[in-house]
Amino acid sequence: MDHIVSSLPGKAAEDPVVEYRSEAQEQPQKQPFPDAKRKLGIALVGLGSYSEHQLAPALSETEYCRLAGVVSGDAQKRQQWMQTHQLDGKNVYSYDNFDDIAANRDID
């Protein structure tokens, strides 16, 4: 393992910064998810283009997370997302009942 001594800009040379690096950068080991039986339940707040085209597709491909609920001010969007993503109705919120999400055990 090598170490590199340098000083930060604005710091005196007597206040060195020491970094340790291995000669061969090791790839991080994949760690098991603490509760491998259950994926982390994610709720999307706001169902615009970013949620529709980026976040929801990404969540469908993750190993440890899943789309568990949504929040939207638009009733039609809530209904559409519930059907498209097979969401339980109790996991679909408006901004009026959004505070209730804190008690929902499906959503982490």
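Two strands count as paired if DSSP finds at least two bridges between them. With that in mind, this predicted model holds an open sheet of three strands in the order β3-β4-β5, with parallel pairing. The edges are taken by β3 (40-45) and β5 (92-93), each of which pairs on one side only. Strands of a sheet pair through backbone hydrogen bonds, either parallel or antiparallel.

Between β3 and β4 (residues 65-71), which run parallel, there are six bridges. To find your way in on screen, look at G41: its bridge partner in β4 is R66. Helix α1 (residues 49-61) lies across β3 and β4, and its direction makes an angle of about 175° with β3.

Now for the charged side chains. How many salt bridges does a search of the whole structure find? The search finds two, and here they are:

| Salt bridge | N to O distance |
|---|---|
| D108 and R38 | 2.9 Å |
| K90 and D106 | 2.3 Å |

D108 counts as exposed because its relative accessibility is 55%, where the cut-off is over 50%. R38, at 30%, counts as partly exposed.

In the other pair, K90 lies in the loop between α2 (75-84) and β5 while D106 lies in the segment after β5, so this contact ties together parts that are 16 residues apart in sequence. K90 is partly exposed, with a relative accessible area of 47%, and D106 is partly exposed at 25%.

Notes. Residues numbered from 1 in each chain as written. Predicted model: local features only at pLDDT ≥ 70, side-chain atom pairs only at ≥ 80, totals over all residues. Heavy atoms only, no water. Helix = DSSP H or I, 4+ residues; strand = E, 2+ residues; numbered from the N terminus. Contact = heavy atoms within 4.5 Å. Axes fitted to C-alpha atoms, helices over the stretch in contact; angles between N-to-C directions. Salt bridge = Lys/Arg side-chain N within 4 Å of Asp/Glu carboxyl O. Buried < 20%, exposed > 50% of the residue type's maximum accessible area, 1.4 Å probe, protein only.
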